[in-house]
There are 2 protein chains.
Amino acid sequence: MPFPQTETPGRLQAELMSRGLRMTRQRRTILQVVETASTHLDASQILRKARKLDAGIDRVTVYRTLSLLKRHGLVDELDLMHLQGEKHFYERRPDRDHLHMACLRCGGIQEFESNLFERLKGQIQRECSFHIVVTRMEIGGYCSRCRTNEKN
Amino acid sequence: MPFPQTETPGRLQAELMSRGLRMTRQRRTILQVVETASTHLDASQILRKARKLDAGIDRVTVYRTLSLLKRHGLVDELDLMHLQGEKHFYERRPDRDHLHMACLRCGGIQEFESNLFERLKGQIQRECSFHIVVTRMEIGGYCSRCRTNEKN
DNA sequence: ACACTAGTTGCAACTGGATCGCAACTGGAG
DNA sequence: CTCCAGTTGCGATCCAGTTGCAACTAGTGT
C-alpha cells in the first residue's frame, strides 16, 4: 500500500497552491488520482484513471504534471527493478522513507521501513558530507510466498 | 570508480564461458569495454567504445549482450536518479554492494559502501523472509563540493 | 580437418514512452 | 472585468530499446 489511508486528502493540492502554483481542473484531477491510488501507477495508468474523471485530459498534461510534482519533491519516481519493462511508477512521497522489494517470480511489490535505513542515511550525510534530498532503494529477489510455493 | 583496478581482467569472459555460453568476437569486445570502463557507461557509449575496437558491431548486439550479462547477474543496471534522462547505465557487479550518490547540481556520481547497508539487507532477509538477489540504492542530493561552492 | 547445427549476429522495420513547438485557452491577480 | 503569464491539447517528432528474419559462426562430434 503505497498511499496510506492516514494521509490527509487534498494534501498534494494544498501543497502546490501554497507554493503559488496555478490549480487547474486538469491538475486537480491528476492529483486526485495520485492521492487515491492504492497501487503504484505508471503514467499511462494515471492517464486512464484521470480520463475517467475528465475525458479531455491529454497524455502530455499528465507527463508535465508528474514532472512538476517530482520537481517539487511531492512524488517519487520508481522503476521497480524494471520488472515491467521500462515503465516508471509514481507514488506520493511519504513522511518516512521506505524501500521497495520486487519479487522476481510473481512481480509483487512489498514495502519496508527500517531505522537501519535512517541510520544509513545519517552515516552518508556525515561521512560523505552529502546532503540527501531523495533516496531510492529497490531490491529484487524472491518473496516468502514464492519461496514456500517453490518447494511444492 | 565503478570498476576497481583490483579486479581480475577477463573475469567476465571466464565467467560466461564457465556457464557454457559461446564466446564470439563481438562479445569479447563488449566485455572488454565493460571491464575496462572507468565510469558508468550507457548502452550508446558502450557501442561507441566497442566500435573503436571492432567497427562492425551493431547496437542490437550491445543490447543483447548487456541483457545477457544482466540475466547472469554479472552487471547491474542503474539509472542514477534519471539525471541524464531515461538512459540506463551499466557496471560490473562488485563483490560487495555499494550505493550511488548523484549530485543534483553537478551531476557527479559517488559510490559508498557501508556495513550498515549489509545489516539492513540482513534485517530484510530475516524480517520479511525475502530472499535478496540484487539491490539498488540511489541517492539524490548535493555533494560536498557543490555545497561549499554554493556559499560563494 | 571437415561438417553440422544451435546459438549468434546484422539489418531494417517497428514499438512505445516521452518530448517539442506552437496556437488556443484560462486561473487568478489587480 | 481585463489581462497575461502560465497552462493545455494536438500533431509531429525523438530516441532507447525490441523484433523478425536471413546469413553467419563457435564449438562439438566425427
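I began with the strand pairing: β6 of chain A (residues 131-142) pairs with β6(B) in the antiparallel sense over eleven bridges. Strands here are DSSP runs of E, at least two residues, and helices are runs of H or I, at least four residues, both numbered from the N terminus. Two strands pair if DSSP finds at least two bridges between them. I looked up one bridge: H131(A) has Y142(B) as its partner in β6(B).

This is a predicted model, in which local features need pLDDT of at least 70, side-chain atom pairs count only at pLDDT 80 or more, and totals for chains, interfaces and linings use all residues. Residues are numbered from 1 along each chain as its sequence is written, while chains are lettered from A and ligands numbered from 1 in the order in which they are written.

Next, the interface. I found 32 residues of chain B in contact (C-beta atoms, placed from the backbone, within 7 Å) with 32 residues of chain A. β6(B) gives the most to that side of chain B, with twelve residues.

Then I turned to DNA strand C. 26 residues surround DNA strand C, and M23(A), A43(A), T24(B), D58(B) and T61(B) are the closest. Near means that the C-beta atom, placed from the backbone, lies within 6 Å. Helices α3 (43-53) and α4 (59-71) of chain A, with α2 (25-36) and α4 (59-71) of chain B, each supply at least two residues of this surface.

Last, I checked chain A overall. Chain A has six helices and six strands. Its C-alpha trace spans about 50 × 45 × 30 Å along its principal axes.

Terms used
Two residues are in contact if their C-beta atoms, placed from the backbone, lie within 7 Å.
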